Structures are given as C-alpha cells and as structure tokens.
Amino acid sequence: MTNKKNPPSASRRDLGFATRAIRGGTQRSDFGEHSEAVYLTSSFVFDDAQQAADRFQNREPGMVYSRFSNPSVQMFEERLASLENAERCVATSSGMSAILSTCLGLLKAGDHVVSTPSLFGATVQLFENTLRKFGVPVDYVPLTDPQAWAKAVTPATKLFYLETPSNPLTEIADIAAISAVARKHGITLVVDNCFCTPALQQPLALGADLVLHSATKYLDGQGRVLGGAVAGRSELIEPIFQVVRTCGPSLSPFNAWVLHKGLETLDLRMRAHSTSALALASWLEQHPRVARVLYPGLASHPQHALAMRQQSAGGAIVSFELKGTNPTEQRQRAFSLINAVQIMSVTGNLGDTRTIITHPASTTHGRISPQAREQAGIREGLVRIAVGLEDLEDLRADLDAGLAA
Ligand SMILES: Cc1ncc(COP(=O)(O)O)c(C=O)c1O
C-alpha cells in the first residue's frame, strides 16, 4: 500500500530532473490530496503545553510559526534543494532578501567581499548602501577574469558573490575556476542562478558553495509572486535560516505554493525560452540597426564555449545594442523601439511567459552611478529582452516593426 502522506518519490534524488521538479518535496495531508495543499496559517496548534515547549526548544520536529516553519514553504524548499542537488534550502520573501539574509548570516563587521560590477543593480546598492554601512567593504573585479578574483583576496575576504550569465550583458563567469580560488582561501562562493535556474546550470556541481535565486523570475515563470531562496550545504544554510527565522524576511505560504507549482514546468519552460531566444538572437545579429547582440548561445558571444560547457542552453535573456552616433541618439533609438512594440511588455521584471523588453540604463541599472554603469558596459543603446513563450514569429514581427520605427 502506498503511503499517502509521504509519497516515496518526494525525497528520491536518483530520479530525473523533470520528475524531481514535479514530484520532489510533496507532503500530503491525511486527506490524500493529489495537488499539494496551501497552508495559509500564521501558527500551528500543539497537543499540549509540553509539546509546545518541545517544539519551541527544537526537541521535537514539527511546525511552530510560519515565520520559520510552514509546510508549503518547506515543500518548495525541498523541491528546489533537490533540483540544485543541495543538502538544504531556505526560502525568503524575495531575491533581494535572499542576498541580504546570506550576507547577514555569513558575514560580520571587518569581513571583506569580492564581487563584480556585472551584477543586478539592486545587488550593487545592497552592497554599497547596506553592507558597507555595517563595516563590510566590497571590491569589484571583472566577472570573466578568475585571476582578478584571486588578486582581490585579502586576509579578511569571506565571500565571493557573482551571477552568471550576468544581468543584462550575459557575461559568463567560469564557476569552476573562481571556485578553485575560493576553495584555496577558504572563501564561500555564492552564485546567483536566476537567469539559468537549475534546469540549465547547476553551480554547486561546478564548485559553488551556495546557489541563490530570485524565485520571482523563472522559478515562478509566470510573473505572479515575489520570492527568493538560497541552497547549499546544511552548515552554510543554518546561519542564513537563523537570520530568516529571527529577522523575518520569510516567504509567504501562498507564494511558496505558487513557486512549488511553478517548478513543475521549469524544465519545459527553460528549454522553450532558450530555443526562442536563440532564434531571435540569431535574427537580431543580422539586423542593420543592431550594433551587437549578446546571447551566450550565439557563436559570436565572447564566452560561448565556456557557456556551453557549464550551461545546457543559452537561457531566455538576449541583450543587444542599437547603432547610434552618440549616447543621446542611442537612448532615443532604444526608447523608440520600446515605445513601438505591441506584443512585448514594458515592465520591470524578467522570467515570465510574456516577453519583456527593458532599457537597463534607465531602469534596472538606473540607480547606479553613470561611471559604474559605463564600467559595467551598460550603455544607452542597450536593450534587454527576456524572451517569453509566445509564438516566435509574432515576437520577430513585433521586434521588426519596432526596429523600423
Ligand atoms: C539576477 C537577479 N538577482 C536578484 C534579483 C532580485 O530579486 P527580487 O526582485 O526577487 O528581489 C533580480 C531581480 O530582478 C535579478 O535579476
């Protein structure tokens, strides 16, 4: 007889990726529901005073209070841990709170972080405006040069932080090479795997210590909820969990349920996003108004070979620069394109079934200084497309009309 409450497939790590994405982490109630229930409750009742005391003191496993224990959140954490081949995962209210909780959990005043300018804008803000205020300086080195990471190490360096492919330029970090540097110096390497997801890239297998997500993006995949997560070895996750438990940037059970269900289609979605993105990138490369296209799946991408070694496909993000004689003209052309498209959405997100078009220099990266933007290579003519799952021909026609505008 099968055990309704604990389907055996929920914890098997030997199953294929798609099977784990669909079956992993499931916990059934006594009702035997097929699709997972949503546990919308702030707290849990105890049988008696002794059980309450035991649960609070961690002498008995079980749920207590949804800031740090909730079955819906736990199901999402377990499923994602399985997909990233991690011992443990902790979920958070957003990608930014995953980054903050990781820093608060693993760093103290006097520690030093090495990162890169090729980073999501708000992550740079978090490092510069928050971490620095608490006595943790961050130095920035080129994402693509492992030697530069080695040179930036000081006796105080505790954390390496990177995303690959980077947002929005799709630069690729050599995770194995940078992790070798980290290992040599006892530094924890954190990789934001937001663009690829475990469906296309598994940073822990390449030597990273922690993998981090804005679950808001492809893990949900449909633009519905905010969420975040960090996964890795239990001993690294425990202090991050303690920050989430005490400080409260916790994932809501409803969002956890949405994300848990989102993972069921992750494999299919990421492959479809990548196929359309490659086709659009190849087409854009031939377009007379386009100066250059940045997409890891293109042979012309500066790190195409590395990308194809560590990713199983190029992902959904295609960035390209419009021609123009000066930054003002380039910005004007980018704005004209964005104003002219009819199907693509103009919105500040990525990782949706709907294709999204963005001008990074004035939006996602608008709050960083012009010098930092220039250093990061985010120019005025740059446009980022997060390719969705609409019909490819419709997307191509939309861009074609937009580029003609
Ligand atoms: C690469 C990357 N990391 C982190 C974040 C932050 O995630 P969230 O918006 O869920 O806080 C984003 C958001 O766009 C992102 O693109």
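Residues are numbered from 1 along each chain as its sequence is written, and side-chain values use heavy atoms, with hydrogens and water left out. Because the model is predicted, local features need pLDDT of at least 70 and side-chain atom pairs count only at pLDDT 80 or more, while totals for chains, interfaces and linings use all residues.

Helices (H or I, at least four residues) and strands (E, at least two) are DSSP runs, numbered from the N terminus. An open sheet is formed by 7 strands in the order E1-E7-E6-E5-E4-E2-E3, and the pairing is mixed. Strand E1 (88-92) and strand E3 (138-140) stand at the edges; each has a single partner strand, so one side of each is left without a neighbour in the sheet. From one strand to the next, the twist averages 20°. Axes are lines fitted to C-alpha atoms, for helices over the stretch in contact, and angles run from 0 to 180 degrees between N-to-C directions. Two strands are taken to pair if DSSP finds at least two bridges between them. In general, strands of a sheet pair through backbone hydrogen bonds, either parallel or antiparallel. Strand E5 (residues 188-192) pairs with strand E6 (residues 210-214) in the parallel sense, over 3 bridges. Within this pair, Asp192 stands opposite Leu212 in E6.

Helix H5 (residues 121-131) touches strand E2 (112-115), E3 and E4, and its direction makes about 145° with that of E3. Helix H7 packs on the sheet through E4 and E5, and the direction of H7 makes about 155° with that of E5. Contact means heavy atoms within 4.5 Å. H5 is mostly covered, with 8 of its 11 residues buried. Relative accessible area under 20% counts as buried, over 50% as exposed and in between as partly exposed (1.4 Å probe, protein chains only). The buried residues of H5 are Gly121, Ala122, Thr123, Val124, Gln125, Leu126, Phe127 and Leu131. These buried residues pack against helix H4 (95-106) as well as E2, E3 and E4.

A further packing concerns two helices. Two packed helices are described by the angle between their axes and the distance between the axes. Helix H11 (residues 266-285) and helix H15 (residues 392-404) pack at an angle of about 30°, and their axes are 10 Å apart. That angle makes H11 roughly parallel to H15; angles under 35 degrees count as roughly parallel, over 145 as roughly antiparallel, 65 to 115 as roughly perpendicular and the rest as oblique. The crossing of H11 and H15 is right-handed. A crossing is right-handed if the near helix is turned clockwise from the far one by less than a right angle, and left-handed if anticlockwise. On the H11 side, the contact is made by Ser276, Ala279, Leu280, Trp283 and Leu284, and on the H15 side by Leu392, Leu395, Arg396, Leu399, Asp400 and Leu403. By class, this contact has 8 nonpolar, 1 polar and 2 charged residues. Ala, Val, Leu, Ile, Met, Phe, Trp, Tyr, Cys and Pro count as nonpolar, Asp, Glu, Lys and Arg as charged, and the others, Gly among them, as polar.

Glu285 is also found in helix H11, and at 34% relative accessibility Glu285 counts as partly exposed. Not counting residues up to four places away in sequence, Glu285 touches Val293, Leu298 and Ser300. The C-alpha atoms of Glu285 and Tyr295 are separated by 10.0 Å, the two residues being 10 residues apart along the chain. In helix H10 (residues 253-262) lies Asn255, which counts as buried at 17% relative accessibility. Asn255 touches Val225 and Leu226, again not counting residues up to four places away in sequence.

The loop between strand E4 (157-163) and helix H7 (175-184) holds Pro165. The peptide bond from Thr164 to Pro165 is cis, with omega near -5°. Pro168 lies in the loop between E4 and H7, and the peptide bond from Asn167 to Pro168 is cis, with omega near 5°. Thr170 is also placed in the loop between E4 and H7. Phi of Thr170 is near 55°, a positive value in a residue other than glycine, and Thr170 counts as buried at 1% relative accessibility. Asn58, in the loop between helix H2 (49-56) and helix H3 (71-83), has a positive phi near 60°. At 60% relative accessibility, Asn58 counts as exposed.
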